[in-house]
Structure formats: structure tokens, C-alpha cells
Amino acid sequence: METFTVSTGRKCAFIDITATVAETVAQSGIRDGIVVVFVPHTTAGVTINENADPAVKSDILAHLDDAVPQSSRYTHMEGNSPAHIKASMMGSSVTVLLQDGALVLGVWQGIYLCEFDGPRTRKVHVEIRQ
Ligand code: ZN
């Protein structure tokens with residue numbers, strides 16, 4: 001398993017980690033198989049979505065805010081329940097196929113670390129299996 005870190009500059013952000021995942025995979029020497037990208041955090045997640053129009057990222061963030069308001073009947077003492085809920089909505093891992101040394105992503109797809117309680121330094125684990 002390989003691990004890299006990402007510094008998230010804001011409270012909530014989608015950070016494109018596709019290139020770093022691809023570099024990590026290239027260094028492994030494995031050319032065909034399955035890549036699992038796992039984020040070991042409870043207030044950050046990972047997802048795959050459009051990497052062309054940045055409005056898609058901001059629309060997702062805005063609508064997650066609408067779905068999970070900052071103020072509600074939360075009971076979690078730490079006060080960051082919205083971040084926990086959004087992280088679960090996005091999930092903590094994605095799986096990508098690997099073929100001929102390349103991630104098999106759609107033309108418009110990118111892999112995003114989803115920060116909901118930043119800014120922080122987040123870990124991303126990458127497991128590559130033939
Ligand atoms: Zn918490």
C-alpha cells in the first residue's frame with residue numbers, strides 16, 4: 001500500500017488527486033489490475049466526478065450544504081456533524097480499473113478528495129492489485 005498526503009486549503013473543497021494517484025500507480029510497476037483509493041478520515045471522503053467544468057464541483061458542494069445545513073438538531077459534541085454526514089455521503093473509497101498502465105477513467109472523470117472540515121492535511125491510501 002502507498003500513501004500520500006494532501007493539504008486542503010479551505011473548510012470545504014474538492015481537490016483533484018487523479019494525477020497523484022496515477023503517479024503512485026506508475027511507480028508500482030503494475031500495469032493491469034485494480035486500484036483502490038481509500039481516505040482514512042471521518043470528515044473527508046473521496047469521489048469520482050467531472051474534471052472539466054469547475055462549476056460541477058461547486059454545484060456539488062453547494063447542494064451538499066443545502067442537504068446538510070450547518071445548523072440543525074445535531075448532538076455530536078465536536079460540532080462538526082455536517083462534515084461527518086457529507087463524508088459518509090461521498091464515501092471513503094473508490095475503485096478504478098488499471099489497463100496497460102493507465103487508469104481507466106471516462107474522458108470527463110477525475111478522482112477528488114472531498115474535504116468537509118478543513119483546512120487540514122489528509123492522507124490518501126492507494127492499494128494496487130494485479
Ligand atoms: Zn466530529
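**Exercise 1: Cover for a helix**

Strand 2 (13-16), strand 4, helix 2 (54-67) and strand 7 are among the elements that cover the buried residues of helix 3. This is a predicted model, in which local features need pLDDT of at least 70, side-chain atom pairs count only at pLDDT 80 or more, and totals for chains, interfaces and linings use all residues. Residues are numbered from 1 along each chain as its sequence is written, and side-chain values use heavy atoms, with hydrogens and water left out.

Task: Find which residues of helix 3 (residues 81-90) are buried.

Solution. 
- Step 1: Buried means under 20% relative accessible area, exposed over 50%, partly exposed in between (1.4 Å probe, protein chains only).
- Step 2: Ser81, Pro82, Ala83, Lys86, Ala87 and Met90 are buried.
- Step 3: Just past helix 3, Gly91 has a positive phi of about 95 degrees.

**Exercise 2: The zinc site**

Task: Work out which residues are the protein donors of the zinc ion, and why their arrangement is irregular.

Solution. 
- Step 1: Donors are N, O and S atoms within 2.8 Å of the metal (3.2 Å for Na, K and Ca).
- Step 2: His76 (NE2), Glu78 (OE), Asn80 (OD1) and His84 (NE2) lie 1.9 to 2.2 Å from the zinc ion.
- Step 3: Four donors count as tetrahedral if all angles lie between 85 and 135 degrees. Here the angles are 91 to 148 degrees, which makes the arrangement irregular.

Definitions and conventions. Tetrahedral: all angles 85-135°; square planar, octahedral: opposite > 155°, others 65-115°. Helix = DSSP H or I, 4+ residues; strand = E, 2+ residues; numbered from the N terminus. Contact = heavy atoms within 4.5 Å.
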